[in-house]
Amino acid sequence: MRVSQYMISTLREVPAEAEVVSHQLLVRAGMIRKLSAGVYSYLPLGWKVMQKIANIIREEMNQAGGQEILMPIIQPAELWQESGRWSVYGDELFRLKDRHQRDFCLGPTHEEIITDLVRREITSYKQLPLLLYQIQCKFRDERRPRFGLMRSREFMMKDLYSFDRDEEGLDISYNKMFQAYVNVFKRCGLSFRPVEADSGAIGGSSTHEFMVLANSGEAEIVYCSDCDYAANVERAESLIRENNDKEAEKERELLHTPGMHTIEQIAEFVGVNKEKTIKTIFYESDKGVICAVVRGDREINEIKLLNQIDATELKLANDETVKRITGSDPGYVGPIEIKGIEIIVDEEVLQLKNAVAGANKEDYHFINVNYGRDFQATKVADIRTVKAGDFCPRCGAVLNSARGIEVGQVFKLGIKYSSKLGATYVDENGQEKPIVMGCYGIGVGRTMAASVEQNHDEKGIVWPVAIAPFEVIIVPATMKDDRQAEIAEKLYQDLLKAGIDVIIDDRCERAGVKFTDADLIGYPYRITVGKKTVSENTVDLKTRSTGQEITLQLSEAAEYVSRLVIENR
Ligand code: ATP
Ligand code: MG
């Protein structure tokens, strides 16, 4: 390819709205352009990277036994009603009507569609296991589309669905996909970590997210400093330290605490650690009002809470509701003598002795509050948010935290969709059984953005060879010198013949302009043909990732660079 004929649209200015570096650089390097919020066009360079990532994914899916298909983007509401998700998926679903007023949506994911396909095509155990996938546009009307390709409303996703006879089969498919994901992200040159995750709206039991470690990541993960436990904080657990102090239960007392309505204030006033206080929060949900109780230094994990009460929506109760239930303002509420609603108490609270809690009376708290004697849960559960410094649930070592970008997720769905939609097969004994499913997604654009987050410097992007828009750029310092132009052209032809993805910057621009563009776009290798090439038969080879520049004999340059590229693909 020749730069003179290629659409290179580099920009000097940083786009004003681009908050994260990948968004800035993908726009500046001329890879993407915004059409509207969360909706992007891919220019030739950007689309080439997308295709390379898609091809790596395709190779790994095929290697694992996947078969590629393509399903429609437009999905009829009836299937979503059958699965029960039409009413619960919420505002993220792009809904539309056809001319006959029939309801449709633009696919945010394809469980319903593929389960419908499979229930029609698969009848016997002989046809299982089956792995089907597609690489296609998905649509989600995100609340906050942002960060360029990271959280967009129209985006490319690879989604694979596995179909097995039983749970053991699913385990095999799941592990195959897990390994395929490791291969994909390794080949894309990413530093990543699989973590345990919450299964969210898709449902199912076991699930892992693949997190690319980056400070700009929207997700927070915790990981053990000793063993390989790692989890999204949405789901992370921590070890409960047993309370071994022999302190006797004291008599509960009412304490006048005027104006003390935060945990900090009351802990200081009473002279105890926040760990010895109790935090009580009321929520409204589709299952009624809920009272959630955690240790005072803790945050409530609303996702865990939601799962515990099996609700789909949860929001903080307003002051009026809190007052109706407790008789007090939220600043003075506690779990004592709360009646008629569900009270979910975090496990850790059971370890507290003689704790401080709100008295459900303006300007008053209780001291010496003890679980069991003074209040009771309707359910004891893990509803706390784990943080760095907590202890690993597996081995007890200290947990650290980091930020991550979720680039992929694998789920065990079980029979959630097959039972609702009636996707069954007949086993060896003639018995009809639901097909056991899994689903597995990778965001292609988000993977590209995540790669830029990890691979860039002040000059621009630093693509790993495997997903670079071109592997090598040849830069003749000036096209006005016929010998330079000729030698560069010959080198270009030699590299093409060797199967290298090469581009030549044959523009009549100053060398500096060409170098600046090359650094911004981030080609892994740059060969410069200049005066010395003509006088001394040498070229300069610069490696973008290290900045290292070496001189090569012209006669050996093509072979040397080809070998280098192939080794690093
Ligand atoms: P998130 O929690 O970030 O909203 P999700 O868990 O809803 O993502 P999945 O349903 O697991 O996403 O989708 C599979 C993959 O698709 C994700 O791992 C991610 O790489 C990609 N993806 C999801 N939503 C978006 C989006 N709005 N923009 C770009 N990529 C996305
Ligand atoms: Mg996900």
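This is a predicted model: local features need pLDDT of at least 70, side-chain atom pairs count only at pLDDT 80 or more; totals for chains, interfaces and linings use all residues.
Residues are numbered from 1 along each chain as its sequence is written, chains are lettered from A and ligands numbered from 1 in the order written, and side-chain values use heavy atoms, with hydrogens and water left out.

Let's start with ligand 1. There are 14 residues around it, and R140, E142, R151, S152 and E406 come nearest; a residue counts as near if one of its heavy atoms lies within 4 Å. By class, that shell splits into five nonpolar, four polar and five charged residues. For the classes, Ala, Val, Leu, Ile, Met, Phe, Trp, Tyr, Cys and Pro are nonpolar, Asp, Glu, Lys and Arg are charged, and the others, Gly among them, are polar.

Which elements supply the shell around ligand 1? Strand 8 (154-164) and strand 21 (399-414) each supply at least two residues, and strand 21 has the largest share with four. Helices (H or I, at least four residues) and strands (E, at least two) are DSSP runs, numbered from the N terminus.

Now some distances. The side chain of R140 puts an N or O atom 2.9 Å from an oxygen atom of ligand 1. From the backbone, an N or O atom of M150 is 3.3 Å from a nitrogen atom of the ligand, and one of G408 is 3.3 Å from a ligand oxygen atom. The polar contact cut-off for these N or O pairs is within 3.5 Å. Taken alone, ligand 1 exposes 580 Å², and the protein buries 84% of that (Shrake-Rupley areas, 1.4 Å probe).

On to empty space. Rolling a probe the size of a water molecule over the atoms shows where empty space is left. Here that's a 1 Å grid over the protein atoms alone: a cavity is a set of points where a 1.4 Å probe fits but cannot get out, a pocket is an open set with protein on both sides within 12 Å along at least five of seven lines, and lining residues have an atom within 4 Å of a point. Volumes are the space filled by probe spheres set on the points, which are joined across faces, edges and corners.

The second largest pocket comes to about 420 Å³. Of its 25 lining residues, K279, T280, I281, P330 and V333 are closest to the centre. Strand 14 gives the largest share, six residues, and the lining divides into 14 nonpolar, seven polar and four charged.

How many cavities of 30 Å³ or more are there? Two. The largest has about 50 Å³ of space, with a lining of I473, A518, D519, Y523, Y525, R526, K542 and R544. That's four nonpolar, no polar and four charged.

One is R119 with E82, closest N and O atoms 2.8 Å apart. R119 sits in helix 4 (residues 111-121) and E82 in helix 3 (residues 77-83), so this pair ties together parts that are 37 residues apart in sequence.

Key: A polar contact is a pair of N or O atoms within 3.5 Å; within protein, one must be able to donate a hydrogen and the other to accept it, and residues adjacent in sequence count only if both atoms are side-chain atoms. A salt bridge is a side-chain nitrogen of Lys or Arg within 4 Å of a carboxyl oxygen of Asp or Glu.
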